[in-house]
Protein chains: 2
Amino acid sequence: MLDKFFEPRSVAVIGASREAGKIGNDVLHNLIQYGFKGKIYPINPKSDEIMGLPCYKSVKDVPGEVDQAVICIPAKFALEAVRDCAAKKVPAVIIITAGFKEMGREGAELERQVVEVAAGSGMRIVGPNCLGVINTATALNASFAAGMPECGDIAFLSQSGAFGTAVLDWAIGEKIGFSKFVSVGNKADVDETSLLEAIGSDKDSKVLLGYIESVQHGPEFMRIARETTRRKPVILFKSGNTAAGAKAASSHTGALAGSDKAYVAAFNQTGILRAEQVVDMFDWGLAFSYQRGIKGPNVALVTNAGGPGIIATDAIEKSRLKMATLTKETVEDLRKALPPAANFYNPIDVLGDAKADRYDFAIRAALKDPNVDGVIVVLTPQTSTEPLPTAEALVRASSEFGKPVLAAFMGGPRTAEGFRYLMKHKVPCFPFPERAVSAMNALYRQRLWLDTPEGEAPVFSVKRDAVAKMFKQVRAAGRTQLGEIESREVISAYGFRLPKSILAPTAQEAVKAAECIGFPVVMKISSPDILHKSDVGGVKVGLKSAKEVEEAFNAMMESVRKKMPKADIHGVLVQQMAGGGKEVILGMTRDPQFGPMLMFGLGGIYVEVLKDVSFRVAPITRADAEAMVNEIRAIALLKGARGQAPADLDAVIEGLLRLAQLCLDFPEIVELDINPLLAFARGEGSMAIDARIVLKADGPAKSAH
Amino acid sequence: MLDKFFEPRSVAVIGASREAGKIGNDVLHNLIQYGFKGKIYPINPKSDEIMGLPCYKSVKDVPGEVDQAVICIPAKFALEAVRDCAAKKVPAVIIITAGFKEMGREGAELERQVVEVAAGSGMRIVGPNCLGVINTATALNASFAAGMPECGDIAFLSQSGAFGTAVLDWAIGEKIGFSKFVSVGNKADVDETSLLEAIGSDKDSKVLLGYIESVQHGPEFMRIARETTRRKPVILFKSGNTAAGAKAASSHTGALAGSDKAYVAAFNQTGILRAEQVVDMFDWGLAFSYQRGIKGPNVALVTNAGGPGIIATDAIEKSRLKMATLTKETVEDLRKALPPAANFYNPIDVLGDAKADRYDFAIRAALKDPNVDGVIVVLTPQTSTEPLPTAEALVRASSEFGKPVLAAFMGGPRTAEGFRYLMKHKVPCFPFPERAVSAMNALYRQRLWLDTPEGEAPVFSVKRDAVAKMFKQVRAAGRTQLGEIESREVISAYGFRLPKSILAPTAQEAVKAAECIGFPVVMKISSPDILHKSDVGGVKVGLKSAKEVEEAFNAMMESVRKKMPKADIHGVLVQQMAGGGKEVILGMTRDPQFGPMLMFGLGGIYVEVLKDVSFRVAPITRADAEAMVNEIRAIALLKGARGQAPADLDAVIEGLLRLAQLCLDFPEIVELDINPLLAFARGEGSMAIDARIVLKADGPAKSAH
């Protein structure tokens with residue numbers, strides 16, 4: 001679908017220039033210099049020939065087909081150029097020019113017009129305000145970047161052109177091979193989602209790295225990401241994850257990012273590996289590009305130094321990885337071959353005077369061990385150390401066992417040659433042990449993701465029509481907030497169990513209702529005008545007899561009439577008083593990018609004071625809901641800490657799934673809380689005690705998927 | 001005190017060798033090659049001359065005084081050599097030789113003998129099992145390291161020789177200047193504490209970096225650290241901070257490390273900046289060495305790229321630093337000088353086409369701004385970018401404003417020259433924005449530490465003798481666990497308020513006691529033989545009348561006599577039933593390295609399930625105790641969340657201070673819990689409801705300070 005961006009047979013450079021320093025000069029130069037094999041058409045009304053190529057006044061004048069156009073002219077002429085491309089039926093247009101959405105309202109309008117033209121002609125657009133596109137496999141450098149990376153299998157996308165230049169410069173310096181490089185700029189059309197899809201099926205790309213500041217279409221992005229990450233690892237660095245950062249980001253590209261919590265949840269649910277620091281992206285990318293996947297968590301360390309071995313061990317313990325327990329055979333083999341002072345257990349310490357042969361033996365012993373899934377080799381430059389021969393031995397061993405091998409060669413000039421040799425021969429080498437562990441951990445996280453069953457959001461049989469009708473009525477009445485009885489009906493329609501409940505207009509009926517429900521009961525004033533019932537004496541709990549109910553009714557009416565004389569009172573809601581159970585809260589708010597963000601936490605102080613909550617973006621699978629419940633710090637309280645009965649977590653999980661379905665079915669719900677949901681002892685289900693639902697103010701929102 | 005290690009007038013190399021590859025060859029070679037100006041005496045019974053210097057059979061044969069001896073001979077001969085040094089009155093001996101404590105029991109015994117000889121003669125020892133000592137100021141390289149760092153003001157200590165070799169190799173490659181380098185090895189004598197003290201008063205050292213795996217004498221270390229960090233920053237990387245890491249560490253050097261929680265607390269209380277990753281140590285060290293301190297938290301960013309500016313902003317928001325709010329004047333100045341599309345607020349975006357002049361203007365505008373305490377300059381290699389001229393402008397500006405300036409030049413070959421220029425001219429430059437922010441944050445953490453009043457542990461007037469007497473009685477009775485009444489007496493002697501409490505042997509006396517105390521009361525069986533009172537029906541709460549007390553007494557006696565017929569029953573403890581208040585827990589355990597580690601948390605699930613606790617090592621200042629209380633996640637519950645009355649935190653803080661005093665006065669207390677301490681509403685104090693005290697099994701421990 002994006003083929004013509006990567007494998008065009010012909011490229012027109014609109015605004016090609018012979019003047020050094022102009023972007024149109026750089027782009028044309030890059031196309032020619034790096035050996036693009038297709039046709040190149042410089043477009044410039046003022047020239048007949050540039051860099052030895054015939055030049056055309058307009059893209060429309062080009063004799064043959066044009067697969068790709070790169071627009072480098074000022075923004076005010078860009079729309080006309082896009083129209084020309086549409087007339088010429090150019091399928092792929094890269095707009096490098098800046099001065100669009102990122103420059104405010106006028107630019108945004110111009111960008112809108114460009115998109116409109118493109119949409120009308122089926123043309124796809126990369127940019128505007130970007131660096132361009134590179135595909136090493138076809139020697140295409142349709143960018144104004146200062147250089148061309150080597151061929152490789154890392155695909156890279158960047159929402160920041162400048163970040164892209166830094167990455168390219170780094171890759172060129174370190175001789176890191178890239179497959180594709182796309183600077184997406186303002187993402188008027190092609191965005192992270194289109195690229196995830198394209199790279200997912202690109203045979204040249206083994207891993208996708210990306211720098212993004214926002215995601216445009218959350219639900220679609222998640223759908224595509226979920227598919228792509230099954231095929232190859234996707235590592236994204238998302239900036240703007242603090243309030244100040246997000247503010248800086250939105251003034252930068254005018255993008256409205258969702259909350260960072262939503263990104264955390266969305267990445268988590270779709271198997272995207274989120275780089276916490278910029279360096280992670282490169283380190284992890286190298287591990288995936290250069291090495292093979294890891295089958296399990298068990299890592300062996302081989303080191304010539306105790307200290308750095310401990311550092312690596314600490315890092316492993318803090319990661320998802322484990323220190324491998326070597327088999328007896330391996331320990332015996334090591335004991336026979338290494339000096340007695342060596343450590344034959346993991347970390348394997350080959351001692352400070354180890355030369356390459358001792359490393360070689362230990363590395364092979366570790367790789368051979370069935371208890372070992374991957375090996376990290378740590379080296380410090382001691383007197384007898386042989387960094388280069390050790391690197392050579394490591395490269396040889398790395399190719400023989402089908403397990404990933406990473407290295408941490410510490411130091412400077414004395415280890416540099418070995419370091420470079422490793423990198424050249426595709427054993428990722430890092431200057432510090434922690435980075436090697438972090439990269440190995442990324443391999444393992446990908447393994448865990450691949451091992452997670454795909455799962456689907458279950459679909460419960462619910463009374464959707466009843467809810468639709470209710471919402472219609474509420475909106476017709478000019479309200480956005482549902483009353484208690486309405487909210488109860490909505491969640492009941494989606495399968496939540498509720499306390500038995502009867503509306504009683506008189507004291508007599510209240511007594512009858514209580515007798516029917518069974519004592520004890522709760523009584524709540526029922527009035528659309530009263531939001532905070534307890535503030536006006538409108539709630540009584542634990543009423544144990546007919547007499548108490550009658551007295552409570554009268555007292556309540558008196559108190560409410562006194563405090564809110566104008567309130568329209570429907571009566572009193574007599575409710576079953578559910579006892580026992582743990583209070584949990586299920587909630588939903590709408591994230592601007594990702595839509596329905598579900599929340600889970602324990603009731604009371606846990607949510608409000610301790611902020612001990614977990615989030616996921618709907619739709620969620622059963623595994624997502626399970627993870628959500630297990631993620632809170634206080635989970636032990638639900639599982640039966642301190643001798644209490646374990647709560648019915650299955651019922652809570654089902655509640656989250658039903659809530660997700662409700663929020664997806666009705667995008668007009670902007671806020672929903674079930675607070676509390678009582679989770680009874682295992683096997684005894686749950687009961688929703690109270691719910692609060694707020695609808696969108698103006699007409700139903702568009703469905704989130 | 002360690003002068004002769006750093007500024008000896010003469011050095012003897014015991015085991016000097018002309019054979020390349022021998023440590024004795026390397027050491028002698030390093031002394032000569034790097035230009036040590038004092039006398040050098042090779043010692044080797046088999047040679048008359050080595051490297052042109054006259055050689056002696058024993059250090060005793062050297063004609064003049066010997067200030068320092070470096071022992072490079074095998075371990076089995078080392079003790080004799082140390083004896084020779086003692087005879088010769090050599091004040092400073094470096095034992096490079098391995099094969100001591102790190103090799104098991106026999107080696108440990110040898111090390112003990114060496115220490116004994118040294119102690120007898122007043123000799124100080126560095127090592128054994130170390131790399132040696134370097135002092136660039138005196139051109140002394142008494143080590144077998146492969147190279148010599150440049151002169152500088154960074155002091156470095158390493159418990160791992162191999163880590164030391166890596167650091168030296170790095171420093172040499174990057175041309176980072178060091179003042180002193182000490183590999184402390186097994187720390188038989190000179191350890192981190194001696195070096196903290198020495199470097200603290202060393203005029204050549206501006207900052208101390210260190211790699212350690214353990215601290216030997218916790219209380220002394222803390223005392224010295226607290227003084228040193230007031231004079232210069234101390235950055236330590238402590239490895240072995242996970243269970244597996246600690247295990248690897250103890251098999252490595254045989255050192256018994258305390259718990260990582262104790263290290264966190266001790267570093268925190270003494271102003272040591274703990275490097276979380278190895279790279280932090282170097283990054284922070286460079287910032288302190290190359291730049292000046294920062295006066296406040298406000299940082300301005302100058303960048304030619306939005307993306308990396310956002311990354312830096314995020315990092316600042318996550319640190320202790322703040323994004324500076326530029327003054328109106330600065331914003332106006334920037335608006336006049338920069339293109340309209342630039343960002344004149346913080347981060348200051350000079351745009352992708354900025355050359356050095358635009359950077360220069362913006363950097364100066366930021367540094368001049370009174371709202372700005374420090375500046376970070378971010379650069380990406382875009383088409384018009386001028387990395388070197390920008391670096392030059394940055395270096396000039398850096399010297400003019402007395403504020404710290406750090407840089408992040410991203411990329412590779414295109415930014416390398418500017419990067420190197422900055423480093424050469426003492427503007428620390430990092431490849432990623434996050435590392436620049438982390439370094440600036442370290443400067444600010446040091447500022448915060450210097451701004452913290454020193455404080456002292458308050459001393460309360462207590463009944464120390466009463467406690468001493470009680471402990472004597474308990475131990476005389478062959479017990480280590482105190483009974484409830486005994487524990488009550490101990491904490492009461494240290495000023496804790498307790499519920500009124502009377503021991504009643506009969507039902508009648510129980511009733512009298514309850515009437516005297518006032519209803520309601522609690523009753524607990526009192527017997528040295530019954531630890532778990534409630535298991536045998538030995539606890540009743542909420543007794544509201546004489547009748548209830550009498551019945552409860554009889555029922556309790558019957559139940560206990562039935563269940564534990566042989567128990568020696570003293571009667572029943574009738575206790576005031578304290579109502580209200582928040583339950584908190586004050587605790588103490590002894591850390592093997594740091595001694596009394598105090599713990600604070602909320603009662604019930606908060607400590608047991610949520611592990612929401614804070615730690616400090618006694619002695620503590622009032623500020624420490626305050627920090628401890630405020631550190632728990634649930635602090636809002638004590639401060640009056642959800643409309644509750646705020647608890648008397650002053651009383652809790654005083655409780656922690658009194659507990660600290662008790663534990664320092666009596667090192668024989670190995671465990672102590674006050675659980676719960678009821679914290680009443682503000683101004684109403686606290687009450688200790690229950691306490692548990694365990695003494696050391698065998699004789700009183702040595703005092704921890």
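**Close-up 1. Helices H10(B) and H16(B) of the predicted model, with axes that come within 9 Å.** Here we look at H10 (residues 278-290) and H16 (residues 433-451), both in chain B, whose axes cross at roughly 60 degrees. That angle is why H10(B) counts as oblique to H16(B). The crossing in which H10(B) passes H16(B) is right-handed. On the H10(B) side, look for B:Asp280, B:Asp283, B:Trp284, B:Leu286, B:Ala287 and B:Phe288. H16(B) answers with B:Arg435, B:Ser438, B:Ala439, B:Met440, B:Ala442 and B:Leu443. Sort the contact of H10(B) with H16(B) by class and you get 8 nonpolar, 1 polar and 3 charged residues.

**Close-up 2. Helices H12(B) and H13(B), crossing at roughly 170 degrees.** Staying in chain B, this view takes in H12 (residues 328-337) and H13 (residues 356-368), with axes that come within 10 Å. With such a crossing angle, H12(B) is therefore roughly antiparallel to H13(B). H12(B) brings B:Thr330, B:Asp333, B:Leu334 and B:Ala337 to the contact, and H13(B) meets them with B:Phe361, B:Ala362 and B:Ala365. The tally for H12(B) with H13(B) is 5 nonpolar, 1 polar and 1 charged.

**Close-up 3. Helices H7(A) and H9(A), with axes that come within 8 Å.** Over in chain A, the axes of H7 and H9 (residues 260-270) cross at roughly 35 degrees.

**Close-up 4. Where domain 1 of chain A touches domain 2 of chain A.** For orientation, the domain assignment of chain A runs as domain 1 (3-287), domain 2 (291-451), domain 3 (454-497 + 578-705) and domain 4 (500-577). Taken over C-alpha atoms, the centres of domains 1 and 2 of chain A are separated by 38 Å. In the contact itself, 11 residues of domain 1 of chain A meet 15 residues of domain 2 of chain A. Two helices give two or more residues each to the domain 1 side: H7 (218-231) and H10 (278-290) of chain A. H10(A) has the largest share of that side, with 5 residues. The domain 1 side divides into 5 nonpolar, 2 polar and 4 charged residues.

**Close-up 5. Where chain A meets chain B.** Here 71 residues of chain A are in contact with 71 residues of chain B. Several helices give two or more residues to the chain A side, among them H5 (161-174), H8 (243-253), H10 and H15 (413-424). The largest share on the chain A side comes from H11(A), with 10 residues. By class, the chain A side has 33 nonpolar, 26 polar and 12 charged residues.

**Close-up 6. Chain A laid on chain B.**

Key
Residues numbered from 1 in each chain as written. Chains lettered and ligands numbered in written order. Predicted model: local features only at pLDDT ≥ 70, side-chain atom pairs only at ≥ 80, totals over all residues. Axes fitted to C-alpha atoms, helices over the stretch in contact; angles between N-to-C directions. Helix = DSSP H or I, 4+ residues; strand = E, 2+ residues; numbered from the N terminus. Parallel < 35°, antiparallel > 145°, perpendicular 65-115°, else oblique. Left-handed = near helix turned anticlockwise from the far one by under 90°. Contact = placed C-beta atoms within 7 Å. Nonpolar A, V, L, I, M, F, W, Y, C, P; charged D, E, K, R; others polar. Domains from an automatic or database assignment. Least-squares fit on C-alpha atoms with pLDDT ≥ 70 in both.
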